[in-house]
Amino acid sequence: MEAALLSGFIKVILPRLFALIDEKYKLHKGVKSDIKFLVKELRMIVGAIDDDDDELSTASCTARLSIQDLRELAHGIEDCIDGLMYRASWEEQSSFFRRSVRAPKALRTSAQLAREMQRLRQMTREAHERKQRYMVGFPAGQSSSATRLVDESPSSPSDPRILDADLVGVDEPRAELLQQLADGEPRQLKVISIVGFCGLGKTALAAEVYNRETGSNRFEKHAWVYAALKSPREVLADMLWKLRSDVRSCQGESVLQPSDVGQLCVELRQQLVRKRYIIVIDDIRTEDQWKTIKSALPADKDVSSRIVVTTTIQSVANACSSNNGYVHKMSRLDNICSEQLFAKKACPDKYSCYKQPDPAEVLKKCDGQPLALVTIGEFLQSKGWPTGPSCEDVCTQIGYHLENDKSFEKMRRVLIRNYTTLPGHALKACLLYFGMFPSDCPIRKKSLLRRWLAEGFVEPLPSPSTPDPIAAFDVLMDRNIIEPINVSNNDNVKTCQTYGMMREFILHMSISQNFVTLFCNDKAEPKYMRRLSLHHSSATDADRFDNVDLSLVRSLAISGKASETVLDLSKYHLLRVLDLEKCDELKDDHLKDICNLLLLKYLSIGGGVTRIPRDIAKLKHLVSLDVRRTKVKILHVEVLQLPCLIHLFGKLKFPDRVKPKSEVHEFLSKGKSNLETLAGFVTDGSGGFLHLIGYMNKLSKVKIWCESLAGCTDRTDLKETIQQFIHDEKQANIGSRSLSLHFDKCCKDFLNPIKGPCYLTALKLHGDLAALPQFVVSLRGLKELCLSSTKLTTDVLEALSNLSDLQYLKLIAHDLEKFIVRDQAFCRLLRLSLELQCPTFPTIEEGALPFLVTLQLLCKDLHGLSDVKIDCLKHLKEITLDPRVTPTTREKWEKVAKEHPNRPKILLFKSVDSYQSEPTDYFRVSEPAENATTESYIASQGSLQEPDIQTLLNQGLGSSSMMRKQNNPVFNGMGLSEVSSHLR
């Protein structure tokens, strides 16, 4: 595991090392020779690691020491690279700046760099010689311990006859699955997928259902097969062996003689044709594996056979159940069921009358994962509870137990498998980076992706070895390693987190490999560190940092209070990521040395900061600047001169007057700006800054607050700016383009003069809308639309019906005028959200909203069904209600949902603290945007069927990047603009 991550790290720094030969770094000839030597050596090291990955993954002490040597060498090379880059950036600054600011220690002389290169060259020789002296080879054919940990025997963990029957919390999902097995219309094969993270009880639930069905006479044939670590041929052979009626004659044959997959398919069809069968395929891991298995099943049209598959991968579950199927997403146990399961495992029966252990810490660590609860419970019982260690003691040392204790072996095997099977080093690094975040705080997705980019784990444009950030995130989501916490109205993930025990594993891995450093408890910390995360007041003791060198830290995140020592930015030279948005005591003075962070790419600040230093314009590598959680109102226009700046977030004012001959004006007028996200700025509709926006040719997301000043203004400048931004160039691949406009303090008709042709993919309008602006109707490419107004008239609503490309529509108002959604209206709409104060919902005719998947009716005064008829919505999967509706109303909706052919799930809305969520453009009429955003969650522990979006698209919806993301976790060939659109 350590070797794979090290190999990936070296692959990342190799091109950067080779780039140092460039003339702009003005290196001595001897230094260039050293660089070429190191490049060749590192390539050989990577090759050796990749060739012997299994051997290097063992617990061998010599292997670990060798990896430590190579890691130290790689870190030294990276330090040298960044030192050279820092020096080049320093020399690019003006002579006045260099004279006025004290040169930092990171600024090395040519002689120092030459000596460092010689030292690294010597380290390479010594590491090789040490490996040759002490490294012991592995006997041929011997598997490593890492391999053994992952290699799960198919006979033991996947036999439905011996699985633990001591289950809790399965009554509702079991009843749901049994109902899916019983439903006989239409009479054809149905595939039921059970999907979720390892250890949630997928196999146990499948065994419960399978054992009940095999005890009945509803199915003529039945079989249970284990698919993990098997080829499709082996799975088919195992299935055929178990289906044959003369089992005795086959005993002793673990694998059938036919080696040809085609012959196995023929024999399987002969066994199953015209028969009703149930087959469970446990732990299937690839779509290709399923395609081969599916080809062996007979295409009987009038036989209600059933296939049940379990998998940890969402895309595999969707593929298995794509046609006439059902996807059951496993839920974690609630606190009551968790405590019940833990008590059963931890406390022997003879102590049933004894006071039970306080499970609070265990429940927090296990996070509702049955395997974790069972593991810790059995461990406590094995240690002689109640005389053994307490729950608190075990939870404090959970990382040690995961690595060393035999009772945790199965849990350890599950976690290691999820980590080692991630394709490529980049995904492993992305997963370990979750260790930077506090365990009790949801992680904002877009901020996470921007930080991955700044760290260099991923690239804006994917390559064969490095994915883009959206692809990396979606792979982790697809494998259920991370889970969404808050999902926005249009089904985009806003915040996420890792599971309890998975987080413990990530922390243990990231700390043991010096990937992340946390100052916690009294544990000794390394003198040198790459990524430093301080939270829960772990940074308040300045004495703990006396012997710590902060100059090599690349990523710093502080949440809560921090000492002045830690907040002294002059100590940090090579920072790429600086996240201080949750630092409670951050003040203006703490940013005075920010101009020395010349390699900084990501900057997010909060606290009591009221102004940004003008010298921030010196940060030539800065890509993302976020001041939304500060008190900054005015930003120096020089920030727009940063050549690498792509994302700028805040609610900012810029100076109205910019001199035509100024450096900023010259920079922008020459088209040098790379800014894509400007979200956003406040304007009164006129001023010189609006003219500058016209030079920002790469802008694709703009957010504007229009304020009203004394005296009337025609806001000509603002209208021209909007007109220019949304102008349709009639190009085939413009990419995403989003506009958010808040004009509730402006004249309601000031948007009317804007004319087409126009292009936008997303539009948010917040203000008094008497009529729909004409340009909205003529928009090309519009897929997402949010309108927020006191009242939405019939004219506005009818005009919306003509937006044929619209996929997501949200309407926020006090009430809607009478409106009928006609046949074939909103022909491509997938999600409709209506957030109203009065329950004035539209009438839906037969044939309207033909592909609607999600319907959100957010009105606390909703009474009953309010004449909303859903029987005509053939593809409906989810209905979301306001949590304040009466129990009677909720019961009526649950009843009508069960009568619907798709049995859509009833969800409830909840408010989410915006401090934990990515700031949003959508607002509620009754609440200020600063106070809360709104997300949805499942109201019960029931299962959630994933919408088969790809089928809908094949029926005529056209392509949608949002829908592709849900079904295909890896974006092949995604463009830079499309990646950036997901980071805003």
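Reply: Start with a cut-off: buried means under 20% relative accessible area, exposed means over 50%, and partly exposed lies in between. Keep in mind that this is a predicted model.

Me: How does Glu-638 count by that rule, with a relative accessible area of 22%?

Reply: Glu-638 is partly exposed, because its relative accessible area is 22%. Arg-614 also counts as partly exposed, at 48%.

Me: Which side chain does Glu-638 meet in a salt bridge?

Reply: First the general idea. Side chains of opposite charge can pair when their charged atoms come close. Here Glu-638 meets Arg-614, at 3.2 Å from N to O. The pair links distant parts of the chain, 24 residues apart. Glu-638 sits in the loop between strand 14 (624-626) and strand 15. Arg-614 sits in the loop between strand 13 (602-605) and strand 14.

Me: Are Arg-285 and Asp-283 buried or exposed?

Reply: Arg-285 is buried, at 18%. Asp-283 is buried too, at 10%. Their side chains meet in a salt bridge of 2.9 Å, N to O.

Me: How many salt bridges does a search of the whole structure find?

Reply: The search finds 33. Some join into a network, which links Asp-79, Asp-82, Arg-530, Arg-554 and Arg-576.

Me: Now strands. How many residues of strand 16 are buried?

Reply: In strand 16 (residues 677-683), 7 of 7 residues are buried.

Me: Which strands are joined to strand 16 by bridges?

Reply: Strand 15 (residues 647-652) runs parallel to strand 16, with 4 bridges. Leu-648 has Leu-678 as its bridge partner. Strand 17 (residues 701-706) also runs parallel to strand 16, with 6 bridges. There, Ala-679 stands opposite Lys-703.

Key: Residues are numbered from 1 along each chain as its sequence is written. This is a predicted model: local features need pLDDT of at least 70, side-chain atom pairs count only at pLDDT 80 or more; totals for chains, interfaces and linings use all residues. Side-chain values use heavy atoms; hydrogens and water are left out. Buried means under 20% relative accessible area, exposed over 50%, partly exposed in between (1.4 Å probe, protein chains only). Helices (H or I, at least four residues) and strands (E, at least two) are DSSP runs, numbered from the N terminus. Two strands pair if DSSP finds at least two bridges between them. A salt bridge is a side-chain nitrogen of Lys or Arg within 4 Å of a carboxyl oxygen of Asp or Glu.
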